[in-house]
Amino acid sequence: MLLPAALFALGVATAVFYLPRTGSRIRWSRSIRKTLPVALFALAAYYQGAPALLVAGLAFSALGDLALSRPGEKAFMAGMVAFASAHIAYIALMASLGSGLQLAQWPLILLMGTSVNSRFRLLRGGVDGFSPVPPDCFGS
C-alpha cells in the first residue's frame, strides 16, 4: 500500500509548506494550499480502506477549510456547515467502533456534540445576540 502512505506524506508536506503562509492575502492559491493537506488525508484514508465515516469526515473538513479560506458570510456559513457535518461523521464513527460505546469515548462524543450544537446555534444568528464574526471582517 504505497499510495496511501505517499498521499499521507504529501499531505504532511503540504501542511508544513502552508504553515508559514497562513497570514498571506486571500486568493485562490492560498485556498488550495489550505485545503490540500486534509483532502490528501481523505484520499489516503480512502485508498487505505479506512471506514467511510472517517473518509467523509476528512472530506467535509477539507470542504470546510476551503470555504473558510474564502471571503464573505456565505463562505463562512458553508464552512460552518461543512465542519458540523464532519463532526457528525466523526461522532457516528466513534459510536460505531468496538462493541458499543465505551466509557472512555463519552467525553470525546460529548465534546464533539457540544461543538456541533454550538455551530448550529451560531448559524441561526449567534448566541444571545453575539455573532462570532465582526460585520466589518467581510470587507465591502
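A residue is counted as buried under 20% relative accessible area, as exposed over 50%, and as partly exposed in between (1.4 Å probe, protein chains only). The model is predicted, with local features requiring pLDDT of at least 70, side-chain atom pairs counted only at pLDDT 80 or more, and totals for chains, interfaces and linings using all residues. Residues are numbered from 1 along each chain as its sequence is written, and side-chain values use heavy atoms, with hydrogens and water left out.

By this criterion M94 is buried, at 13% relative accessibility. M94 belongs to helix α4 (residues 73-96), where helices are DSSP runs of H or I with at least four residues, numbered from the N terminus. The C-alpha atoms of M94 and L108 are 8.8 Å apart in space, at a separation of 14 residues in sequence.

Helices α2 (residues 28-48) and α3 (residues 52-68) pack with their axes 8 Å apart and at an angle of about 180°; axes are lines fitted to C-alpha atoms over the stretch in contact, and angles run from 0 to 180 degrees between N-to-C directions. The two helices α2 and α3 are therefore roughly antiparallel (angles over 145 degrees). Contacts (heavy atoms within 4.5 Å) involve, among others, W28, F41 and Y46 of α2 and L54, L58 and L66 of α3.

One salt bridge is found in the whole structure, defined as a side-chain nitrogen of Lys or Arg within 4 Å of a carboxyl oxygen of Asp or Glu. The salt bridge joins the side chains of K34 and D65, at 3.9 Å from N to O. K34 lies in α2 and D65 in α3, so the pair ties together parts 31 residues apart in sequence. K34 is partly exposed, at 24% relative accessible area, whereas D65 is buried, at 14%.

Terms used. Parallel < 35°, antiparallel > 145°, perpendicular 65-115°, else oblique.
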